[in-house]
Amino acid sequence: MLESATQSVIDTSNIKANLAKSCDATPVDRLSVADIVALFELPFADLMHQAQTVHRTNFDPNAVQVSTLLSIKTGGCSEDCGYCPQAARYHTDVEAEPLMQLDDVLVAAQAAKDNGASRFCMGAAWRGPKQRDLEPVLKMIAEVKAMGLETCATLGMLKEGQAEQLKDAGLDYYNHNLDTAPEFYGDVITTRTYQDRLETLDRVRSVDINVCCGGIIGMGESRNQRAGLLAQLANMERPPESVPINLLTQVEGTPLHGTDELDPIEFVRTIAAARITMPNSFVRLSAGRQSMHEGIQALCFIAGANSIFYGEKLLTTGNPEAATDKKLFAKLGINKI
Ligand code: SAM
Ligand code: DTB
Ligand code: SF4
């Protein structure tokens, strides 16, 4: 067992070493999209073995981190993200609401803590926070942190100085997704660029807040583009500490509603490729679990997913009930982190 574990780790570094040999200018630790596509193309059992081996080398294979989400400001968003029910321009069932009151946020955070979540993630349907919006959110972060929860926020693009304020308030993680490969991005979003997203991620990194960054699978992208997203993430100077892999939740009224459903095994392959290419990151099996058979979720955990969103709601769409997840964890012998 130990021998094969070592072998698989060597296999992964071989991908990088071969790449370095084939191109002198490429640093040894860069992965090409083709390297990652090669992982996707492995026989399923070989891919799972490699992913599980990398996972066991770096993490407790039976421990899964749990975060609870709360939409602190819902709907009415100015952006045109083609997957998102909160964009004002699409006609969905989501009603725009103002920023929540501090006390209501704290009640939700306490409930998440009582249910066993270790991290509380506050999401706002903004292009980015204005200074007058940020101030009440800073207070929420400080108070949630004081309750003994890890804090995460996803508020959109950050302007100069805003990451510093979040850091000072006690923010542990900032979620900002690249969403997809650069060449598919313009098919999904036009109101902000890939470069805008990278700049916000740089601001977060520069103040030493942990980066939570991933994307959405099942938007009609190709396998190459799924690999392209992972290449962007894995080749960052420091890969994100947390990598949410969302399966598109199709919402009526959004442009991506009606997209062909992704084969569930391809989703599992994406999780495995994320695990192998980002061996030290938490890989989160994010949106999409409500419609996912528990057998597929189990395969995702074997493929190296070690984080989930916990609680019956994501931001505006459903997620499995906490009781359902408790039963699934018990069945699989998974412990919550
Ligand atoms: N407005 C901020 C932003 O866009 O950065 C924060 C909230 S936004 C809803 C956070 C992330 O949720 C998006 O980047 C996207 O990856 C994910 N998301 C939104 N709608 C989704 C859907 N229908 N299915 C899967 N993931 C979704
Ligand atoms: C992430 O990558 N997924 C979460 C969180 N970060 C903010 C959001 C999923 C949203 C799914 C659609 C909704 O509930 O509105
Ligand atoms: Fe707005 Fe974020 Fe939804 Fe895009 S993903 S429309 S920025 S809430």
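Mentor: Begin with the polar contact, a pair of N or O atoms within 3.5 Å; within protein, one must be able to donate a hydrogen and the other to accept it, and residues adjacent in sequence count only if both atoms are side-chain atoms. Here an oxygen atom of ligand 1 is 2.9 Å from an N or O atom in the side chain of Asn177. The model is predicted, so local features need pLDDT of at least 70 and side-chain atom pairs pLDDT 80 or more, whereas totals for chains, interfaces and linings use all residues. Residues are numbered from 1 along each chain as written, chains are lettered from A and ligands numbered from 1 in written order, and side-chain values use heavy atoms, without hydrogens and water.

Trainee: Which backbone atoms does ligand 1 approach?

Mentor: A nitrogen atom of ligand 1 lies 3.0 Å from a polar backbone atom of Tyr83, and a nitrogen atom of the ligand lies 3.1 Å from one of Trp126. The protein covers 91% of the 550 Å² of accessible area that ligand 1 has on its own (Shrake-Rupley method, 1.4 Å probe).

Trainee: How many residues surround ligand 1?

Mentor: A residue is near a molecule if one of its heavy atoms lies within 4 Å of it. By that criterion 16 residues surround ligand 1, with Asp179 and Thr249 among the closest.

Trainee: Which side chains make polar contacts with ligand 2?

Mentor: Polar side-chain atoms of Asn177 lie 2.9 Å, and of Asn246 2.8 Å, from an oxygen atom of ligand 2. For Thr317, the distance from a side-chain N or O atom to an oxygen atom of ligand 2 is 2.8 Å. Taken alone, ligand 2 exposes 410 Å², of which the protein buries 88%.

Trainee: How is empty space located?

Mentor: Rolling a probe the size of a water molecule over the atoms shows where empty space is left. On a 1 Å grid over the protein atoms alone, a cavity is a set of points where a 1.4 Å probe fits but cannot get out; lining residues have an atom within 4 Å of a point. The largest cavity has a volume of about 820 Å³, the space filled by probe spheres set on the points. Its lining comprises 40 residues, including Tyr83, Asn177 and Leu315.

Trainee: Where does ligand 1 sit?

Mentor: Ligand 1 sits in the largest cavity, meaning that more than half of its atoms lie within 2 Å of the grid points. The space taken by ligand 2 is also the largest cavity.

Conventions
1 Å grid on protein atoms, 1.4 Å probe; cavity = no way out; pocket = protein on both sides within 12 Å on 5 of 7 lines; lining within 4 Å.
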